[in-house]
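Hello,

Below is the structure I said I would pass on. My notes follow it.

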Amino acid sequence: MRFLILLFVACGPSPTPTGTVCPDPDPLTLTWDNFGRDFMTRYCTWCHDSSLPRSQRNGAPLYHDFDTLEGVRLTPDHIDEQAGFGPNAENEFMPPGRCPTTKGGALDTNCPKPTAEERRNLAMWLACEKNREFMRDAGVDAQ
Amino acid sequence: MLCWAAPARAQHHHEADTDAASFAAGVAMVAAAFETMLYAGNYQGVIPSLRWANERFAAGASAAAYRLEENGATFYGFGDVIVHGQVTVIGDRAARAGVLASISAPTGDDRRGLGMGHVMLMPALFGIWAIDRVVLAATAGYSRAIGGSSAHEHGMWPLVEPMNVSEVTWSAGGGYAITPAVQVGARVSGGIPIGLPGDNRVIGSLRGAWASGRFQTAAELQAGIAGDPFIIRGVVSTALSF
């Protein structure tokens with residue numbers, strides 16, 4: 001039994017939804033233009049870029065491209081579970097330890113890491129962005 | 001007679017052992033190319049195993065070490081450890097049926113596609129029928145994840161031995177003994193997702209096996225027919241019986 005318990009816990013933490021909730025009404029303080037684009041450019045699009053072919057993505061899955069807001073909207077929950085901080089989890093799985101110095105290049109440098117505040121802002125922005133998408137789909141201009 | 005099934009190896013597709021032996025230690029080498037919706041690449045693995053069996057019971061364990069290349073990144077690591085047990089409930093050497101079960105422990109890195117990220121229970125029923133030089137074997141079971149993993153919620157995972165979170169498993173195949181020491185065979189196996197999102201998986205295999213003294217060696221060529229488990233995979237295994 002002890003062996004089985006060890007196996008259960010040996011894998012460490014796993015990606016977990018942060019549980020971040022966007023305030024109602026949406027304060028619109030975090031947007032793609034004033035936060036998301038810069039965050040993704042600094043920390044993510046070295047590998048998660050729609051211009052990169054499979055062989056240059058350093059393991060990043062296809063359809064997980066964050067160089068556009070449309071790309072982020074495809075997988076907001078995954079981003080939250082990988083890199084967001086919130087009431088239920090503090091996820092630091094991304095960025096990884098090593099990054100390329102040029103987009104799509106070899107992993108030849110340590111990845112820059114977001115601060116805790118940036119990670120909280122990321123989770124909040126994603127939570128609000130999902131609501132905005134819902135509002136847009138419903139025909140309401142949220143911004 | 002040669003074993004229809006290879007020595008226990010890190011495969012989640014059920015295979016019933018069809019022969020009695022004492023102890024066996026084996027190793028399998030696997031190489032595959034894959035292309036799923038999100039990932040493309042290849043992997044190579046070394047899978048040592050231990051197996052014990054008598055006329056009615058069998059048990060075994062295997063653990064794999066892989067080199068995995070996915071979307072331009074290369075990773076090295078262990079896969080999930082698998083423990084296997086089986087008991088013949090009715091019949092004799094010519095025709096028998098029973099219960100088998102495997103359980104995998106999440107020792108592989110699920111985020112890199114080397115492991116499931118959770119325990120997997122894989123019970124099944126098996127039947128074996130030997131007619132002269134021909135052996136037919138089939139299994140049917142249900143496999144279910146215990147616990148969860150975000151990577152696995154949306155379909156088959158991991159990259160190296162993909163399964164659905166909840167699926168009906170099945171296999172059917174036959175072998176023909178060209179000589180007492182040489183056997184060829186073919187098999188199809190798969191998984192059908194049940195209750196949760198997933199992919200229907202079908203794998204076809206051609207196999208040759210031969211025995212020499214205490215050694216049993218097999219080579220198998222597998223093709224992913226449905227569900228993108230892999231494009232093509234080769235497995236070479238050998239086992240020494242004591």
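Subject of the notes: strand 8 of chain B

Strand 8 of chain B runs antiparallel to strand 9 (residues 134-146) of chain B, and 11 bridges join the two. Please keep in mind that this is a predicted model.

Within that pairing, Ala130(B) stands opposite Val135(B) of strand 9. The two strands of chain B form a hairpin with 2 residues between them. In the turn, Asp132(B) has a positive phi of about 55°.

Strand 8 of chain B also pairs with strand 7 (residues 95-105) of chain B; this pair is antiparallel too, with 10 bridges. Here Trp129(B) of strand 8 has Ala95(B) opposite it.

Chain A has 5 helices and 2 strands, in the order α-α-α-α-β-β-α along the sequence. Of its 143 residues, 32% are buried. Taking contacts in chain A between residues at least 6 apart in sequence, 64% join residues at least 24 apart.

As for the interface, 17 residues of chain A are in contact with 15 residues of chain B. The chain B side comprises 7 nonpolar, 6 polar and 2 charged residues.

Regards

Note on methods
Residues numbered from 1 in each chain as written. Chains lettered and ligands numbered in written order. Predicted model: local features only at pLDDT ≥ 70, side-chain atom pairs only at ≥ 80, totals over all residues. Contact = placed C-beta atoms within 7 Å. Nonpolar A, V, L, I, M, F, W, Y, C, P; charged D, E, K, R; others polar. Helix = DSSP H or I, 4+ residues; strand = E, 2+ residues; numbered from the N terminus. Buried ≥ 20, exposed ≤ 12 C-beta atoms within 10 Å, placed from the backbone. Pairing = 2+ DSSP bridges.
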